[in-house]
Amino acid sequence: MSLFKTLRVKPWLPEEIVEPATSNDVLLTQEQIATTALHFLLAVITVIFFLFTITFLQRTQSFDFQALSGEPWLPFTNSGVLWQNTAYLFLASISIICAKKFAQQARLYALVITLSATSLFTLLFIIGQVQVWQQLSQAGFYIYSNPANSYYFLLTGVHALHIVGGVLALLSCIVVFAKGYAYPQLSYRLRLCGLYWHYLLGIWLLLFLLLTSDAETFKTIALICGF
Amino acid sequence: MTKITNIAIADQVDESTHPHSFMSKYIWSQDHKVIAIQYSITAIAVGLVALVLSGMMRLQLGFPNEFSFIDPSTYLQFVTMHGMIMVIYLLTALLLGGFGNYLIPLMVGARDMVFPYLNMLSYWTYLLAVIVLLSSFFVSGGPTGAGWTLYPPQAILSGTPGEHAGILLMLASLAIFIVAFTMGGLNYVTTILQARTKGMTLMRMPLTLWGIFVATILGLLAFPALLVSAIMMIFDKVLGTSFFMPAILSLGETLDHSGGSPILFQHLFWFFGHPEVYIVALPAFGMVSDVIAIHARKNIFGYRMMVWAIVAIGGLSFVVWAHHMYVSGMNPYFGFFFATTTLIIAIPTALKVYNWLLTLWRGNIHLTVPMLFAIGFIFTFTHGGLTGLMLGNVVIDLPLSDTYFVVAHFHMVMGVSPVMVLFAAIYHWFPLLTGRFLNTGLGKFHFWGTFLGTYAIYLPMHYLGFLGVPRRYYAMGPTEFIPESAQTLNASITVSAILVGLMQLVFIINVIWSTFKGKKSGRNPWQATSLEWQTATFPPGHGNWGKQLPQVYRWAYDYSVPKVKDDFIPQNISPDNVQYVTVEPNNDGRAK
């Protein structure tokens, strides 16, 4: 509603001129600025995955689409490896929350341990995803042999790239901290990294759900979406 | 928690951030003004390449088979590269990367963008995208000739020029450009939202900023569609997937693709492509509003409605994309829906045109060069917009879609119109960059040559379209339903196009000459109210403002305010400091 209120203001009226507006605090912190930018970045990433997902759902109804789950011989009928990867990403998300908390409390050793855990679990997630790609290829589920395979490689690849981007951001936080910055600066940066990690965990859960659904589920989703 | 003040909004300038060496000042610069100039020079340079390409296309169309270096393949490559460069690498980059970068911090009263380093990265990534794109001229097979829309399956099939490296370099370049735009775009929106100086409320911002702000949001949300389609097409080409590729027989050979949807690519492309029209148009709308108000010495008519219209156009631009796809076929109800939304978007657009005219109405119009270009824009945009209304209807679009009528329409609305505003803006803001005016005589010559010349190009092109002359064709050949005189018209269009092209050399000479020898402008030569003209030093130096950031007390359109001494009140003048006309009483005691 504040947007509509803003757009209704009449800036030319004398009463608007007499009192200088003070709606903006010039002492905005770096955190608020970075948070705004991150929200926009997440909106951009949301559009990317939304568009991929829409095209995927549409394609699930084509004659040559074979879901990767539902029959005993299909790779994700038993998706244990993917659950394991999900657990890694979940633990990375948890550990980054802890890291932020320890940064607020200025507890260096706990901070180092939790940040190491975040890096380790994230690395394990990416290694796990690469292993799934190798297993799929070894089992004859090549990227080009079926649209479901193509989308699996494409979506998980794009997701992994975003994770790598997050890791680079996290590393830059650590470098900045190591150069002698204070705990509060690290704390807000870790809060933003945490937001990014949770967001990518959410995206992964959605992808997991979609990519391991069986043909009947796709049919129902397509019916609801009108494809 | 410790408050850490961002450099962009720090009240006391941090002198340690001033660049000292040549490299940090002009090459790896993080100053938004230098980055803006880097963006602008690169965009104009690559735009000149596209201009030359269009000249060569016109040579072939006007005088078919006279030039041995233009064959059907090279013609299609010229078409493709001309279109893509002009839309993405020139207009988007110059309007947002160039003008956005230069004006946003100055107009909101900040010292710089909120992420200067990211801003610098944005430019260098953009430059990389340009280099990758232009490198396709030098690879085997040359650049892609798939048309600027890059429709599959033909874009990646044998027989299309640049089917190997050309198309891949184009797609890679687009992906890199989108990364660059995202870095820049995040900076623009965050700076406008978070780094405005005290008193600069959103509704006190000049319309230039509103146009750039909404266009950037459109770009951030629309470019991902192009990114997604580029990635999927690269997969189809390189990895053999079938996202867009149906089962297909190519040159007698059955390909391995199956089940992909070329129409899906069209939806993705135009989901980006139509907002792209407004990514270019909205900053132009904003800038022309400011130029008109300043040079007519009058407040902009209907400021709030202008803002609402920008926001409404931005929102509506996401629900009209399929009007580019009527000829691809669709459910009639969809056609009805998209025709309706297309006509609805004309309402806020027409409102803006009326408001520009009403701003001029009884204004103290100064026919300066920027004003001439701004008024020229109103003409060209109205003409281009009206033919857009025609083409928005399915029954009119179907017969005209593949003719020169469409070429004329989109060049008027998306080519000539934004370029007129760009020229208005360059002539208007040039003193801010250099402290000198561009030469007025050369400027007026440039304006009339460009304005009349573009009409000489595009008005006859509408007529050719009505005759049924098809677009994208290398040569018409003997076609029964097209009279021979159409070729004469084509030749006249080519002559006009070459003259208009040469006219731009006058502009470039003017810029180079005036940068060093132009008449000195002094501070705030147009007597404008907006903050960019009120800096501590002129032209503004690093950090933009002196020790204190400016404080804003009013909107940006206080022109010709009754009883005020000057005919403008800058935004940073407090009510106490406004000088009023002294009213001398008559002998009878009444005011004169």
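Which are the buried residues of α9(B)? They are Gly335(B), Phe338(B), Ala339(B), Thr342(B), Ile345(B), Thr349(B), Lys352(B), Asn355(B), Trp356(B) and Thr359(B), where buried means that 20 or more other C-beta atoms, placed from the backbone, lie within 10 Å of a residue's own, while 12 or fewer make it exposed and anything in between partly exposed. Welcome to a predicted model, in which local features need pLDDT of at least 70, side-chain atom pairs count only at pLDDT 80 or more, and totals for chains, interfaces and linings use all residues. Residues are numbered from 1 along each chain as its sequence is written, and chains are lettered from A and ligands numbered from 1 in the order in which they are written.

**Chain B as a whole**

- Chain B holds 14 helices and two strands; these are DSSP runs numbered from the N terminus, with helices being H or I of at least four residues and strands being E of at least two.
- The radius of gyration of chain B is 25 Å, which agrees with the value near 25 Å that a compact globule of 592 residues would have. This radius is taken over C-alpha atoms, and the globule rule is 2.2 Å times the number of residues to the power 0.38.
- The C-alpha trace of chain B spans about 95 × 60 × 50 Å along its principal axes.
- Of the 592 residues in chain B, 54% are buried.
- Among contacts in chain B with a separation of 6 or more, 79% are between residues 24 or more positions apart; a contact means that two C-beta atoms, placed from the backbone, lie within 7 Å.

**Chain A as a whole**

- Chain A has eight helices and zero strands, giving the pattern α-α-α-α-α-α-α-α along the sequence.
- Chain A is more spread out than a compact globule, because its radius of gyration is 23 Å, well over the 17 Å that the globule rule gives for 227 residues.
- The C-alpha trace of chain A spans about 75 × 50 × 20 Å along its principal axes.
- In chain A, 33% of the 227 residues count as buried.
- Residues 24 or more positions apart make up 76% of the chain A contacts with a separation of 6 or more.

**Where the two chains meet**

- Contacts link 52 residues of chain B with 43 residues of chain A.
- On the chain B side, α5 (165–194), α6 (207–239), α7 (262–295) and α8 (303–316) each supply at least two residues.
- The largest share of that side, eight residues, comes from α6(B).
- Sorted by class, the side of chain B that touches chain A has 29 nonpolar, 16 polar and seven charged residues. Here Ala, Val, Leu, Ile, Met, Phe, Trp, Tyr, Cys and Pro count as nonpolar, Asp, Glu, Lys and Arg as charged, and the others, Gly among them, as polar.

- α9(B) has 29 residues and reaches 43 Å from its first C-alpha to its last, close to the expected 42 Å; the expected span is 1.5 Å times one less than the number of residues.
- The cover over the buried residues of α9(B) includes α7, α8, α10 and α11 (394–400) of chain B.
- Arg362(B) follows α9(B) and has a positive phi, near 60°.
- Ile365(B) sits in the loop between α9 (332–360) and α10 (369–391) of chain B. Ile365(B) counts as partly exposed because it has 16 C-beta neighbours inside 10 Å.
- Leaving aside residues up to four places away in sequence, Ile365(B) touches His295(B), Ala296(B), Leu360(B) and Met371(B).

**The nonpolar core and the domains**

- A nonpolar core is a set of buried Ala, Val, Leu, Ile, Met, Phe, Trp, Tyr and Cys residues joined through C-beta atoms within 7 Å. The largest has 229 residues, of which Val288(B), Phe373(B) and Ala424(B) touch the most other members.
- Helix α3 (residues 72–108) of chain B gives the most to this core, with 24 residues.
- Apart from residues up to four places away in sequence, Phe373(B) touches Met420(B), Phe423(B), Ala424(B), Tyr427(B) and Phe447(B).
- Chain B is assigned domain 1 (367–521) and domain 2 (528–592), with bounds that come from an automatic or database domain assignment.
- The C-alpha centres of domain 1 and domain 2 of chain B lie 38 Å apart, and the contact takes four residues from each of these domains.
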